[in-house]
Every structure is written in C-alpha cells, then in structure tokens.
Amino acid sequence: MGTALIYDEEMTKYKLLWVDPACKIEVPERLTVSHEALVRNGLADRCVSIPVREATDADILLVHSEEYLEAVKKTPYMTLEDLKEFTLQYGDVYFHPNIYHCAKLAAGAALQLVDSVMTGKVRNGMALVRPPGHHSMRSAANGFCVFNNVAIAAKYAKQKYGLQRVLIVDWDVHHGQGVQYSFEDDPSVLYFSWHRYEHQKFWPQLRESDYDSVGKEKGAGFNINVPWNKVGMQNSDYLAVFSHVLLPVAYEFCPDLVLVCAGFDSAIGDPEGEMCATPDIFAHLTHLLMNLAGGKLCAVLEGGYNLTSLAQSVCQTVHTLLRDPAPRPANINGPCKSALESLHCVRSAHKNFWSCLKCAADLPNFELSTKRIKLAEEEEEKVEEGEEAISTKEEEWPDPPKRVAPPVRTALVVPDGVSCPDGCKRFSSSDNLSPLIANKLRENFLKDLDDSDAPSTFSSLISLVEEMKKDEICSGLALVHDVSMATMRVIQHATTAPSNRVLVVCVGDRMDPNHITEDGRTLVVHISGNKPEKHKCKYYIPVCLRKGCGELSGVIQAVFGLLLPLGYEYDPSLVLLVRMPDSGMCDSMWQQLTGLLQGLAQGHTLVLMQESEKACVDPTASSLLGNAAPSLGPLHAPLPEDVEALESLRRRLQTDWKLLQTTAPESGGGDDH
C-alpha cells in the first residue's frame, strides 16, 4: 500500500473577478505551486495518483441544505453583477461561473481519498483541493469555502463504512466553524481545532471559537478549541498542544479514521496567520497522527496564502505520509506564556470529559496576559494613527532541511536461527568499521567480554550505529545475550563524539542506571513498576507505574505527558529503545511506542531486546519499517496513583524541561516569543 495524491488542474480554473481586499489572497496559484513542488521534489511520482470525481447531490446533502445547494447550482449561469450580489449574502467568499464545478470536485476529491484509504487501496493520502471547505456551513458559503469538504467526508465515511468514531484535526489558522457546527452534538466525531483568536478580535470573530465551546448535549467534550490569543506561535507551542491535549484525548477516543483539515496558513510567513512555526513542524504533526486508526489518515488542503511556506509545508506533509524520516525538529524550547494560558484553559475545560485530563489544573483565577483592555486600546490607537502594523513585516526562514531516506530502512542484528522479516536487511558484518574505531573497540569495550559471541555482536552493533550516523541505515533492531551490557556499550560508543546525544527509553525492570552521567550526552527515561531509590540527576528520569508496563493507560499517559515532550526538547541524534526481559508490555503498545519515537533523531532508532524475545522481532520490525501500529482499543482511566505520580513527576521536572509545562502562573512561567 502507498500514499494517495489527488489533484486536478480543473480546480485552478476560477478566480476573483472583481476587487475585494478580503478575498484577493485566495488564488489559483495556491494549488499549482503546491503540486509543482511535489513534482519537483519527486514526491508526486512516489504517490498513487487517484482520479477526481464530482461529489453528487446526495454527498453534498449529507452536510448542506437542499435550498443552499440549489442556490449554488445557479451560479454558473449568473452574470458578473448577479454573482457579486449573490456573494454579498455570505461572508468573505466570492463566486465565479466555474466555482460550483470546482467545489463539487473538491468535495469529491475528499471522498475519493476516503474510499481509497478505507478499501485498502492506499495507506493514507492527501487531496490538493480548491475551494477549501471548513468554514462552509449548512446553508451558507463562508471564508472562501463553498462546500464543507472534510465534514462531508466524515459523514460519508460513517455512512458508507459504518465507522463508529472519526477524528478531525484542523490545524488551519482559522477556526473551522462549519465543521464544529456540523458535529457539535455528535459524540462519534471528535473535532479539534487550533486557531488565531485574539479574544474574538480575529476572523471569524465568534464567541463559540473559544476554549469553553466543548460541544452540546451528547457531543459535550467532543469539540476541542485551542484559541491562539496572540500571533507569533512557534513549533514548541504546536508540539505542546499536541502532547498535552490532542494526542492523549485522541488515543482515548480511539478513532477508526483520521481526517486532517490541512491548512498551512498556520505556517511562518502567512499573511493571515502571522505565526512563526516553520514548515518542517508539519512533518512531525503528521507523524504523530499516523499511528492512530491503524494509519488510516486523509489530509485535505484548506488554507495557506504564502506561496513559499505553503508549498514547503505540503511537501513536508507528503514526505511523512510516504514514511520518509522526519527532519530533526527545529527551535524547540518551551511554549510561550500565551500558549500556556490557552493550554491551561483547554485542559481545564475538558477535564470532566476525558480521563487522561483528570489531573488538569482548574481554570486560572487571573486575567489572561493577552486580555488586558488597555493593551487592546493602545493597539487600536496605533492603527487609527496610521502606524505600520506588525503584519507588514516580511518574515524570513531557512529552507526546510533535506529529507534523507537512507538506502536501508531497517537492519537487524539477530542470531542465525532467527528469520529476517520482509523489508529488513540482516546485518552482521563489522567490515565497514574504520580501523581507528575497530582499535578503540578492542582497547576500551571488548577486552572484558567473556561471552564468545559478545565481541562479534557488539562489533556489529557499533558498525550499525556508524552506518546510521552516515544515513546509510535508518533504524535497527538487535537481539543480544545481555541487554543491559549491550545498552551500556552502545551508549559508551555513541556518546564519544561531543555533539552526539542519545535518548535511552528503557521499558521494564532491572536496568542499572549507574553508568548515566550528568553531562547531557544521554537522557534516560525508564518506565517500570519499580520505585526508584532516589532521583539520580536531570538526565535520568524514572517513571514508576503501579502495575508496570502492562498498564496501557498509564503508559500512554507517560508517553504523551512526559516522554515525547522530553524527547522533542532534548532533540537526540540517536534513540535507543531498550526492552528489558519480562517487561510486561503488550505488542500493540510496544509497536505504538516504537512508531512514535521515530519522529525523533531523523528516525535513527536502535531497538535492543534479549535473545529470548524472538517473538517480538516481527512486530518491532514492522513498526521500524514505518507500518502503523495496531490500535490499542478503548482505554480505561489510568490508575489514580499512577496519575498522581506522573503529575507529581511532571511538575518537578518542568523547571528543567519547559515542554512539560501545562499551566501559566500569573507571573512567570512560559517565555514570550
């Protein structure tokens, strides 16, 4: 199975026919530059091309009223003056004689993508469409949108394939109020949107775009709004919200399908969003969603009005859908104060609906830093006096790093009796080691090994690490006689270069942390059922769960609340994932963990397991190859003592690790970007 790409030049064949400052940024070039970038970077050829079809009346009526559909049907026959007059009844949208045809193609493209994914023709995919859809309401065009492409796709998927739960992730910089209205009383659709809000001063200026609009009746808790109350949000702000809100809730929700309202006006340089998140962040956001719903993910283009960052962001998204390793994350520190305030409010508003948020703090009892009337009045006065607005500043950013796909995706160091899964390469030679490294091995690491197999196994491991450094191999898996010894030796070798940093994730009991140093070259996160004797140092983080690694809900809470934020902030050059004997972790959780960690270190993940864990080779290799992990199924509430322990640990660590923060104190806490 591959990745679908849906595009038809026909959707570029409409444009604004009169002067309208609000609409002039929605141009056909948005589509052409995105597709040309995919072609230029060799991505289009790697995708499965799916033909576009028009949505039928029945498809459109899943979301829209018959009266509205009939009105739009008349637009191809209208004069220019009629089109202008027709447009006036709606907000920030324009009509053209060909837009009805294009809108049917846009909605139909989303449905073609859903069909291709749900029937197993492809694993995932992206639809490049115009007009966008997420603002369009039951009986009204709005915000450049005619038909609500993703809302129609969600209803269609539920109806045709009998899906029980659909997740819609809207990372466009505007609130998709049309999607919210379509599902606000429906518990089978979880809608998540972050959006520029500025306390209702930014379009569409709706009260119901704020954090406390959580859904209605049976749908209460299934509508998550994250309002950005200032511009300039960065990669760290986006990752903080994914880690501490979206991902834990999404895994508890357990969707059958993930739909993405993929608007890239939330990227740097966009005149609408005025945010500072770089295009490569969309590689990570996409990756973090790809182990949900068995990998069934459909991204549908929404906004994006800076033609450079739009094309770059589309490419980053498609690279990841194609399972190319994500680049090292850029500019990760901590969320800003305003982002923390929004995060705090959202978690509090939803704590009664989701067990993963039960530990969230209550609503802040102080005025939000961005809601001071005096500042707003001063800002308005500046504009009235004709002072230059911030939005006129030209943002500059480097080109996204080149995505490197090593020739070998996954290499295995395993005994001769263990078969090598399809797609993997057996790796047992140390011929590639330089003489200098080989001598170092003999002098420093191999002289005290008694086991006759240990020197050759360890030489192969070191050779594998060296090949990963050179981007000849992406990831690796090794079965070893003594996993603790192998872990120590790999760390010793991998940290010899001062610039190298190794994230060690150890699952299960019986790990000896004594070799861990405080120089920051290693960060060890140890998940087990054993209480640590004492807190070793900033770079050794023991996570104790009462029932150990077999407690799914506790492990998931630890992964999203602690491990991923720590990993992104630490930014390792290598991830060492260690499965101790009798860890108790089930295969599906192990595969989820393996998959999620590959967003770090350009996918350079080395998995170490005891020789007795032969049964784990196939599922582990599957995840290292980029295949989606099996669903964990519905998650029960984590044990109260685990929740308390994890929250206590997070609070203690957040001083050193800013991406662990989830609240903004009235004074201090969070940095201003």
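Two strands pair if DSSP finds at least two bridges between them. Helices (H or I, at least four residues) and strands (E, at least two) are themselves DSSP runs, numbered from the N terminus. With that settled, here is one of the sheets: eight strands form an open sheet in the order β2-β1-β3-β8-β7-β4-β5-β6, and the pairing is parallel. At the edges stand β2 (48-49) and β6 (223-228), each with a single partner strand, so one side of each has no neighbour in the sheet.

Before going on, some notes on what we are looking at. This is a predicted model, in which local features need pLDDT of at least 70 and side-chain atom pairs count only at pLDDT 80 or more, while totals for chains, interfaces and linings use all residues. Residues are numbered from 1 along each chain as its sequence is written, and side-chain values use heavy atoms, with hydrogens and water left out.

pLDDT is the predictor's confidence in each residue, from 0 to 100. The protein has a mean pLDDT of 91, and 90% of its residues reach 70 or more. Over residues 383-392 pLDDT stays under 50, and for that stretch the model has three contacts beyond four places in sequence. Contact means heavy atoms within 4.5 Å.

Back to the sheet with β2 and β6 at its edges. Within this sheet, β4 (residues 166-170) and β5 (residues 189-196) pair in the parallel sense over five bridges. I168 stands opposite Y191 of β5.

Now some loops. Most residues other than glycine have a negative phi, and most peptide bonds are trans. Where are the cis bonds I want to show? One joins R130 and P131, with omega about -5°, and P131 sits in the loop between β3 (122-127) and α7 (149-161). Another runs from W203 to P204, with omega near 10°; P204 belongs to the loop between β5 and β6.

Next, positive phi. E274 is not a glycine, yet its phi is about 55°. E274 lies in the loop between β7 (257-262) and α10 (281-289). N331, also a residue other than glycine, has a positive phi near 55°, and its place is the loop between α11 (307-321) and α12 (337-350).

On to another sheet. An open sheet of eight strands, with parallel pairing, has the order β10-β9-β11-β16-β15-β12-β13-β14. Which strands stand at the edges? They are β10 (424-426) and β14 (540-544), and each has a single partner strand, so one side of each is left without a neighbour in the sheet. On average, neighbouring strands here are turned by 15° against each other, direction ignored.

In this sheet, β9 (residues 408-413) and β11 (residues 473-480) run parallel and are joined by five bridges. T410 stands opposite S475 in β11. Helix α19 (residues 617-624) lies across β9, β10, β11 and β16 (605-610), at about 165° to β11.

That brings us to helix packing. Two packed helices are described by the angle between their axes and the distance between the axes. Axes are lines fitted to C-alpha atoms, for helices over the stretch in contact, and angles run from 0 to 180 degrees between N-to-C directions. Angles under 35 degrees count as roughly parallel, over 145 as roughly antiparallel, 65 to 115 as roughly perpendicular and the rest as oblique.

How do α18 (residues 587-597) and α19 pack? Their angle is about 30°, with the axes 8 Å apart, and they are therefore roughly parallel to each other. The contact is made by D587, W590, Q591, T594 and G595 of α18 together with P619, T620, S622, S623 and L624 of α19.

Helix α9 (residues 235-253) packs against α17 (residues 552-570) at about 155°, with axes 10 Å apart. The two are therefore roughly antiparallel. From α9 the contact takes L239, S243, H244, L247, P248 and Y251, and from α17 I556, F560, G561, P565 and Y568.

Helix α17 also packs with α20 (residues 640-653), at an angle of about 15° and with axes 10 Å apart. That makes α17 roughly parallel to α20. This contact is made by G554, Q557, A558, G561 and L562 of α17 and by V643, L646, L649, R650 and L653 of α20.
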